Amino acid sequence: MNLEFKFLSEENVYPSKYLNVVKQNFVMPNGIQKSFEIHKGGEVVIILPLTNDNQVVCVTQYRVGPKKLMTELPGGFVDNGETPIQAAERELLEETGFKGDLKYVQTIFPDSYSTIKRHVFIAKNSTKMQDPNLDESEFLKIDLLNVKDFRDHLIKGQLTHLESAYLAMDFLNLL
């Protein structure tokens, strides 16, 4: 049985740096043509930094979608010419001032209507090296949560990129 859709065309519906929406047209296996709105984007990184004394380095920042402060893992976009691991190292240092021994965990898609690739990393032996170096749209504070408190935070579901955090904690055998 053929399950593949045949891609026909794409048109830009809403171009934006953070929320680029396109309409993609397909022919489904049954011959019917259908359009889907897709969040089109590049690559991002999410890092779970862990200190030598088992503290998870988190960032608390206001998130405009849920309109609230959320304590979550550092991360950001992979810039042009950068590898995901280079982006993870840069984002960790910029957002938190920490450096650590980075290890790749997994690459995932955020959802079925997105082309974004999210690369998940852990950073063991994370140590504060400098103050954060934030851009003009970043307003955050650093929070250190012990592993138990971070697990409790995960269970409450009050952070973005929840599945990335679970994958990183599982990779570290901390669930």
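Reader: Which residue in β9 does Thr-107 stand opposite?

Author: We're looking at a predicted model here. Strands β8 and β9 (residues 117-128) run antiparallel, with 9 bridges joining them. For Thr-107, the residue across in β9 is His-119.

Reader: And what is the bridge partner of Val-45 in β9?

Author: Now we hop over to β4, which is joined to β9 by 7 bridges. Those two strands run parallel. The partner of Val-45 in β9 is His-119.

Reader: How far apart are the axes of α2 and α3?

Author: Two packed helices are described by the angle between their axes and the distance between the axes. For helix α2 (residues 147-156) and α3, the angle is about 145°. On the α2 side the contact is made by Val-147, Phe-150, Arg-151, Leu-154 and Ile-155, and on the α3 side by Leu-162, Ala-165, Tyr-166 and Met-169. The crossing is left-handed, and the axes are 10 Å apart.

Reader: Is His-153 buried or exposed?

Author: His-153 is found in helix α2. Leaving aside neighbours within four places in sequence, His-153 is in contact with Thr-71, Gln-158 and Leu-159. The relative accessibility of His-153 is 14%, and the cut-off for burial is under 20%, so the residue counts as buried.

Reader: What kind of aromatic pair do Phe-5 and Phe-26 form?

Author: A pair of aromatic rings is described by the distance of the centres and the angle of the planes. The centres of Phe-5 and Phe-26 are 6.1 Å apart, with 70° between the planes. Planes over 60 degrees apart get a label of their own, so this pair is edge-to-face.

Reader: How many residues apart in sequence are the parts that this pair ties together?

Author: Phe-5 lies in the segment before β1 (6-14), and Phe-26 lies in strand β2 (residues 20-27). Phe-5 is partly exposed at 37% relative accessibility, whereas Phe-26 is buried at 15%. The parts tied together are 21 residues apart.

Reader: Which residues form the aromatic cluster?

Author: The model has 6 aromatic pairs. Phe-36 belongs to the cluster, and the charged end of Lys-34 sits over the ring of Phe-36, 5.6 Å from its centre. The cluster is made of Phe-5, Phe-7, Phe-26, Phe-36 and Tyr-113.

Reader: What is the relative accessible area of Phe-121?

Author: Phe-121 pairs edge-to-face with Tyr-104, with ring centres 5.8 Å apart and planes at 70°. Tyr-104 lies in strand β8 and Phe-121 in strand β9, so the pair ties together parts that are 17 residues apart in sequence. Tyr-104 is partly exposed at 44%. Phe-121 is buried, and its value is 2%.

Reader: Where does Asn-54 lie?

Author: Phi is positive in Asn-54, near 60°, in a residue other than glycine. Asn-54 counts as partly exposed at 41% relative accessibility. Its place is the loop between β4 and β5 (55-63).

Reader: And in which strand does Asn-125 lie?

Author: Asn-125 also has a positive phi, near 55°. At 38% relative accessibility, Asn-125 counts as partly exposed. The strand is β9.

Definitions and conventions. Residues numbered from 1 in each chain as written. Predicted model: local features only at pLDDT ≥ 70, side-chain atom pairs only at ≥ 80, totals over all residues. Heavy atoms only, no water. Pairing = 2+ DSSP bridges. Helix = DSSP H or I, 4+ residues; strand = E, 2+ residues; numbered from the N terminus. Phe/Tyr/Trp six-rings, centres within 6.5 Å; stacked < 30°, edge-to-face > 60°. Buried < 20%, exposed > 50% of the residue type's maximum accessible area, 1.4 Å probe, protein only. Lys NZ or Arg CZ within 6 Å of the ring centre and 35° of its normal. Axes fitted to C-alpha atoms, helices over the stretch in contact; angles between N-to-C directions. Left-handed = near helix turned anticlockwise from the far one by under 90°. Contact = heavy atoms within 4.5 Å.
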